Amino acid sequence: IIRNQIHVSYQPIIDTKTDQISGYEALMRWNRPGHGMSEPNIFIPIAEESGTIVQLGEWILRQACTEAARWPDPLSIAVNVSPVQFMLPNLYDQIAGILAETALVPQRLELEITEAALVRDRARVMATLVRLLELGVRIVMVDFGTGFSSLSNLMTFPLDKIKDDRCFTAALETDVASRTIVASDMAAYSGISA
């Protein structure tokens, strides 16, 4: 961050019903001198293990909200939140502060979390999720179907959307089992985005 090697790329989110862009997902990239562009799967695990994910997470959230507040259309902005960040006692205050600082309407922010964030301290995570939802922030579970995925988590936690893992969505056209899994997720939970 200090050396300006981290930047944000914005991946469009397409509404399949209208074929229009409904928002963007903020994706962190690291331009490593002598190595080129590093994907998040290379440096995020290291950042989580070392604790620097807290600083990186706050930075990308601030950058994404600042950028989204400039857009002429009120499109959504999705930002990943690490399970490590979810353990911060001041996460809600940090997010509310960044929204106020950037003047981004909370309803435009989607926080993407994995199920790993839900299992560490369920009571604390639930309290934080409820406060964020009351603020107007949308909560999206990502990579559903990997690791220790549980349909009970879909019913227990207040989520606005789920995003099935790409291993299912990539095989939708050719694999009956993937279609069945995605269809069952959609039946179990309304408001789902595949």
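Reply:

**Salt bridges in the chain**

At 25% relative accessibility, Arg62 counts as partly exposed; here buried means under 20% relative accessible area, exposed means over 50%, and partly exposed lies in between, computed with a 1.4 Å probe on protein chains only. The model is predicted, so local features need pLDDT of at least 70 and side-chain atom pairs count only at pLDDT 80 or more, while totals for chains, interfaces and linings use all residues. Residues are numbered from 1 along each chain as its sequence is written, and side-chain values use heavy atoms, with hydrogens and water left out.

Side chains of opposite charge can pair when their charged atoms come close. The term salt bridge is used for a side-chain nitrogen of Lys or Arg within 4 Å of a carboxyl oxygen of Asp or Glu. By this rule, the count is five salt bridges.

One of them joins Glu101 to Arg62, with the closest N and O atoms 2.8 Å apart. This pair links distant parts of the chain, since Glu101 belongs to helix α4 (residues 91-102) and Arg62 to helix α2 (residues 53-70), 39 residues apart. Helices in this naming are DSSP runs of H or I with at least four residues, strands are runs of E with at least two, and both are numbered from the N terminus.

Arg70 pairs with Glu67, and their closest N and O atoms are 3.2 Å apart. Both residues lie in helix α2, three residues apart, which is about one turn of the helix. Arg70 is exposed, with a relative accessible area of 59%, whereas Glu67 is partly exposed at 27%.

Strands also take part. Arg138 forms a salt bridge with Glu110, the closest N and O atoms being 3.4 Å apart. Here too the pair links distant parts of the chain: Arg138 is in strand β6 (residues 138-144) and Glu110 in strand β5 (residues 109-113), 28 residues apart. Arg138 is partly exposed, with a relative accessible area of 29%, while Glu110, at 4% relative accessibility, counts as buried.

Finally, salt bridges that share partners join Glu58, Arg62 and Glu101 into one network.
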